[in-house]
Amino acid sequence: MSRIGKNPIVIPAGVTVEVKEGIITVKGKNGQLTQEFSDITVVVEDGQVLVSRSSDHKDHRAKHGLYRSLVNNMILGVSEGFTKSLELVGVGYRASNQGQKLDLALGFSHNIVLEIAPEVVLETISEKGKNPIVKLTSFDKQLLGQVAAKIRGFRKPEPYKGKGVKFVGEVLRRKAGKSA
C-alpha cells in the first residue's frame with residue numbers, strides 16, 4: 001500500500017503538465033523537465049496529477065510512490081526551484097567562480113576546476129573570518145544533488161577536525177582522537 005503514491009499533486013498557477021505515451025512533461029517559469037514512466041498510470045484532471053498502478057505486483061507498488069515523488073519534485077522545481085549550499089571547512093580552502101567554472105583550492109598541490117552544467121546556477125560567497133560557501137540553485141533536483149555530491153566528493157569531511165567540503169547544516173560524527 002503506497003501512501004505517498006495515493007496523494008494527489010496540486011498543480012500551481014503557471015505550471016503546465018502534459019502526459020503522452022509514457023512521457024510526462026512539466027513546464028514552468030524556471031524551465032522544462034521530462035520523465036519517462038512505465039507500469040503506472042498518470043492522469044491530469046481538475047488542476048491535479050493523479051498517479052495510480054494497475055496491480056499490486058511488488059514492482060508496481062515500488063514504482064507507484066517513486067513516480068509520484070519524481071513528478072512532485074518536477075513540479076516544485078519548475079515553479080520554485082531547489083538550492084543546496086556547500087561549506088568549505090579548513091585553513092586555506094577557497095572557492096571562486098568565473099561563470100560556470102568552479103575553482104576550488106582544497107589543500108591539494110593543484111586547484112580543482114570543475115565545469116558546472118548550464119542548468120545549475122553557481123554562486124560563491126567568501127567573507128572574511130567565515131568559511132567559503134558554494135551555493136548551487138537549479139530547477140532539476142536530481143542534477144543539483146549529483147553536482148553537489150561531486151563537489152563534496154573531492155574532499156569529504158573527516159571525523160577528527162571536521163575539515164573538508166560539507167553541506168551547510170550537516171551534522172558530522174566527531175571522534176575524540178588521541179588522549180594523553
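Two strands count as paired if DSSP finds at least two bridges between them. In this predicted model, strand E11 (residues 121-125) and strand E12 meet that condition, pairing in the antiparallel sense over five bridges. Within that pair, the bridge partner of Leu122 is Leu136 in E12.

**Strand E12 and its partners**

Strand E12 (residues 133-138) is also joined to strand E7 (residues 82-89), by six bridges, and these two strands run antiparallel. Val134, Leu136 and Ser138 make up the covered face, while Ile133, Lys135 and Thr137 make up the uncovered one.

| Strand pair | Bridges | Direction |
|---|---|---|
| E7 and E12 | six bridges | antiparallel |
| E11 and E12 | five bridges | antiparallel |
| E8 and E9 | five bridges | antiparallel |

**The sheet E8-E9-E10**

Three strands form an open sheet in the order E8-E9-E10, with antiparallel pairing. Strand E8 (94-98) and strand E10 (112-115) are at the edges; each has a single partner strand, so one side of each lacks a neighbour in the sheet. From one strand to the next, the twist averages 20°. E8 is joined to strand E9 (residues 101-105) by five bridges, and in this pair Gln98 stands opposite Lys101 in E9.

**The largest pocket**

The largest pocket holds about 190 Å³ of space. Its lining consists of Leu33, Thr34, Gln35, Leu70, Asn73, Met74, Phe82, Phe139, Asp140, Lys141 and Gln142. Strand E4 (32-36), helix H2 (58-79) and helix H3 (141-153) are the elements that give two or more residues to this lining. By class, the lining residues divide into five nonpolar, four polar and two charged. Phe82, one of the lining residues, lies in strand E7, which covers residues 82-89.

Note on methods. Residues are numbered from 1 along each chain as its sequence is written. This is a predicted model: local features need pLDDT of at least 70, side-chain atom pairs count only at pLDDT 80 or more; totals for chains, interfaces and linings use all residues. Side-chain values use heavy atoms; hydrogens and water are left out. Helices (H or I, at least four residues) and strands (E, at least two) are DSSP runs, numbered from the N terminus. On a 1 Å grid over the protein atoms alone, a cavity is a set of points where a 1.4 Å probe fits but cannot get out, and a pocket is an open set with protein on both sides within 12 Å along at least five of seven lines; lining residues have an atom within 4 Å of a point. Grid points are joined across faces, edges and corners, and a volume is the space filled by probe spheres set on the points. Ala, Val, Leu, Ile, Met, Phe, Trp, Tyr, Cys and Pro count as nonpolar, Asp, Glu, Lys and Arg as charged, and the others, Gly among them, as polar. Axes are lines fitted to C-alpha atoms, for helices over the stretch in contact, and angles run from 0 to 180 degrees between N-to-C directions. Buried means under 20% relative accessible area, exposed over 50%, partly exposed in between (1.4 Å probe, protein chains only).
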